[in-house]
Structures are given as structure tokens and as C-alpha cells.
Amino acid sequence: MDTAKNRAIGACLRQARKESGLTQVELASRLTLPQSFVSKLESGERSLHVSEFFTYSAALGVRPEDLLAAIELRIKRGA
């Protein structure tokens with residue numbers, strides 16, 4: 001597991017969630033998953049699987065390609 005990349009992805013997901021005006025609880029409800037799932041993703045403690053990516057972007061109301069581009073940019077910057 002690449003923890004630096006997981007943290008970068010998590011930070012990007014957190015930013016997208018906040019820009020969508022959602023709390024972790026609200027996003028978790030849209031995903032029909034526990035809030036702890038969202039928390040672990042955003043902290044980088046858990047990886048976002050490809051199979052979950054499209055559901056996650058839909059729940060955020062973000063186009064998958066836009067979310068992926070933001071994640072790629074954040075990883076390249078090393079943040």
C-alpha cells in the first residue's frame with residue numbers, strides 16, 4: 001500500500017466533498033456506507049478501489065474524469 005498516494009487521494013476526495021457542500025455523514029448516506037468508510041478514505045487509511053471510484057464520483061456530483069484529473073495533479077505535486 002502506498003500511503004503517500006493514499007493520503008494525496010484522500011485529501012483530493014475531502015476537497016471535492018467540501019466543494020460539493022457535503023459532510024462526511026451526508027456523503028456516506030449517498031454511498032449507503034458508514035461514515036467511517038469516508039473518514040478512512042479521506043485520511044488515506046484506506047484505498048479507493050477502481051470499482052468504487054465511479055460510485056464515489058457520482059455521489060459527489062463530480063464527473064469521474066474531473067475527479068481523476070484532480071487526483072493525478074495532487075499526486076504529481078506530492079501533496
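Analyst: Of the 79 residues in the chain, 35% are buried, where buried means under 20% relative accessible area, exposed means over 50%, and partly exposed lies in between (1.4 Å probe, protein chains only). Please keep in mind that this is a predicted model, in which local features need pLDDT of at least 70 and side-chain atom pairs count only at pLDDT 80 or more, while totals for chains, interfaces and linings use all residues. Residues are numbered from 1 along each chain as its sequence is written, and side-chain values use heavy atoms, with hydrogens and water left out.

Along the principal axes, the C-alpha atoms fill a box of roughly 30 × 25 × 20 Å. Contact means heavy atoms within 4.5 Å, and among contacts between residues at least 6 apart in sequence, 56% join residues at least 24 apart.

Now for the close look, at Glu 42. This residue sits in helix α3, which covers residues 35-43. With a relative accessible area of 3%, Glu 42 is buried. What does its side chain meet there? The side chain of Glu 42 makes a polar contact with the side chain of Arg 17, at 2.5 Å. A polar contact is a pair of N or O atoms within 3.5 Å; within protein, one must be able to donate a hydrogen and the other to accept it, and residues adjacent in sequence count only if both atoms are side-chain atoms. Leaving out residues up to four places away in sequence, Glu 42 touches Gly 10, Ala 11, Leu 13, Arg 14, Arg 17, Gln 24 and Tyr 56.

Let's follow two of those partners. Arg 17 belongs to helix α1 and, at 7% relative accessibility, counts as buried. Its side chain also reaches the backbone oxygen of Leu 22 at 2.9 Å. Beyond four places in sequence, the contacts of Arg 17 include Thr 23, Leu 27, Val 38 and Leu 60.

Tyr 56 lies in helix α4 (residues 50-60) and is buried at 1% relative accessibility. Besides Glu 42, the residues that Tyr 56 touches include Leu 13, Leu 31, Phe 37 and Leu 41, again setting aside those up to four places away. Tyr 56 and Arg 77 are 21 residues apart in sequence and 23 Å apart in space, C-alpha to C-alpha.

One more stop is Ala 16, in helix α1 (residues 3-19). Ala 16 is buried, with a relative accessible area of 10%, and touches Leu 60 and Leu 67, not counting residues up to four places away. The C-alpha atoms of Ala 16 and Leu 60 are separated by 7.1 Å, although these residues are 44 apart along the chain.

Key
Helices (H or I, at least four residues) and strands (E, at least two) are DSSP runs, numbered from the N terminus.
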